[in-house]
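I opened my notebook to look at pockets and helix packing in this one. Here are my entries, in the order I made them.

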Amino acid sequence: MRDETGTLLIDWVDHLVVPESDVREFRHAGYTLDRLGDTPEGTPALWHPEAMLPRVLLADRGEPVTVAIRAESIADFLAAHGISSNLHGSPLTRYRTAVVSEENDVRLLVVERRGYRGYVPATLVPGQAATTLIAHETWRTRPRNFDDDAIGWSRTQTWLNRVIALAGRDIACAAIFTEERTFWQGRNRAAQIQKVRQDRLGLGWANHDHHTFRSSREHFVQLMQALEKLGFERRERYYAGAQAGWGAQILEQPVEGLVAFCDVDLEPEETEIDFSRVPLPRSAKLGTIGLWVGLHGESFLQAGMHHLECRFDHALLKDQLEREGVQTMKPFSDLPFLKQAFTEGERWKVRPERAQKLLNEGLITQQQYDTFVRDGAIGSHLENLQRKGGFKGFNQKSVSAIIAAVDPRMQLVH
């Protein structure tokens, strides 16, 4: 993992199986009963609600200590390593496992999850596989480009309702975010290079940390409503204030283990309101987020994600990507417990009609219009993140700095 993908084992660990005699130490460290952790025969499952750490199962008598790593596709993992193993759980079901190796009373397990937080493999029921595949295809082929974003959001909410009705909330969430990663990857060279490296080990994007969506002020509440339909719950909210001009709502889907970081322009006087629930009016000026959306579109519609952040060995990945021709920007978090940096931004073409609309409304200058139409504007990044000590949060001050640094107006080519 380190040599070929720049990642650390801890960032792939789904769960541990430990002797029951160790439970006191985990409890002392802050672990508590995981009520969503469905287990065989009611064996206790533990998790740490305040830290980003593997979940823990207590072993039955005689069961080996187990490290279970997660891959996007268990079949891809086994094929990549030439393993023919007893595979438990049917294709496209909620939870599948396979033993990779076992020696000296220690087992390495690989798991695949789909809209499920427990540990009980399921048998495929008639029609289930087709339903899951249709959910993926329905979202992958949905219309994204609309002349009017209000119509686009209305159509997207209808599409979203259709996928949820078809597959159920949690499976729909898993399918939709897989497709959103694929769409973003198609527009980001750094992502394509890194995905190939991780796919050589059959891992996929299972080391994702969070997914960043950008929204206009007018449609931010609709983005929140869409994520809520998929089971996301609100976590911390940022009020970056007058000097930064932006805010963010962080949400987490507890079953699928997904985190969404959602950005929006904010006025100084709006830092005390819950902008995730209260609609924001149009503004007479554009901040960094609003300009990106104006040039490229809403993340949940035309543009796709601004970036995917995955967990890596921060320094190692930087060196490895440089050898692949991918440069990394200066870190915007360089703390003992959190390191973050963007790869250099991917420059996307800007549709003249989008830039013309901004020009007509006095939101960009003629010079900016000419440059954006001629040279495009920075669209997306891959984010290189390393967490230590189970730190789960974000560094608001540093995020403000990098948002300012990647403002399209700061990237103009003359």
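Which helices each supply at least two residues of the lining of the second largest pocket? I found helix H9 (288–296) and helix H12 (352–360). Helices here are DSSP runs of H or I with at least four residues, strands are E runs of at least two, and both are numbered from the N terminus.

**Ground rules**

I am working with a predicted model, where local features need pLDDT of at least 70, side-chain atom pairs count only at pLDDT 80 or more, and totals for chains, interfaces and linings use all residues. Residues are numbered from 1 along each chain as its sequence is written, and side-chain values use heavy atoms, with hydrogens and water left out.

**Second largest pocket**

I noted about 570 Å³ of space in the second largest pocket. A pocket is an open set of points on a 1 Å grid over the protein atoms alone, where a 1.4 Å probe fits, with protein on both sides within 12 Å along at least five of seven lines; lining residues have an atom within 4 Å of a point. Grid points are joined across faces, edges and corners, and the volume is the space filled by probe spheres set on the points.

I listed 24 lining residues, with Asp-149, Arg-282, Gly-294, Arg-354 and Lys-357 nearest the centre of this second pocket. H12 gives the most to that lining, with four residues. By class, I have five nonpolar, five polar and 14 charged residues in it. The classes are Ala, Val, Leu, Ile, Met, Phe, Trp, Tyr, Cys and Pro as nonpolar, Asp, Glu, Lys and Arg as charged, and the others, Gly among them, as polar.

**Largest pocket**

Next I looked up the largest pocket, which has a volume of about 900 Å³. It is lined by 36 residues, and Met-52, Leu-53, Arg-55, Gly-257 and Arg-311 lie nearest its centre. Strand S1 (13–18), strand S9 (208–214) and strand S10 (233–239) are the elements giving two or more residues to this lining. S10 has the largest share, with three residues. I sorted the lining of the largest pocket into 15 nonpolar, five polar and 16 charged residues.

**Helix packing**

Then I turned to the helices. Helix H4 (residues 128–140) and helix H6 (residues 169–185) pack at about 45 degrees, with axes 9 Å apart. Axes are lines fitted to C-alpha atoms, for helices over the stretch in contact, and angles run from 0 to 180 degrees between N-to-C directions. H4 is therefore oblique to H6.

For the contact of H4 with H6, I counted five nonpolar, three polar and three charged residues.

H5 and H6 pack at about 125 degrees, with their axes 7 Å apart, so H5 is also oblique to H6. Leu-160, Val-163, Ile-164 and Ala-167 of H5 meet Arg-169, Ile-171, Ala-172 and Ile-176 of H6, where contact means heavy atoms within 4.5 Å. That contact has seven nonpolar, no polar and one charged residues.

My last pair was helix H5 (residues 149–167) with helix H8 (residues 220–229), whose axes come within 10 Å and cross at roughly 5 degrees. H5 and H8 are therefore roughly parallel. Their contact has five nonpolar, four polar and one charged residues.

Definitions and conventions: Parallel < 35°, antiparallel > 145°, perpendicular 65-115°, else oblique.
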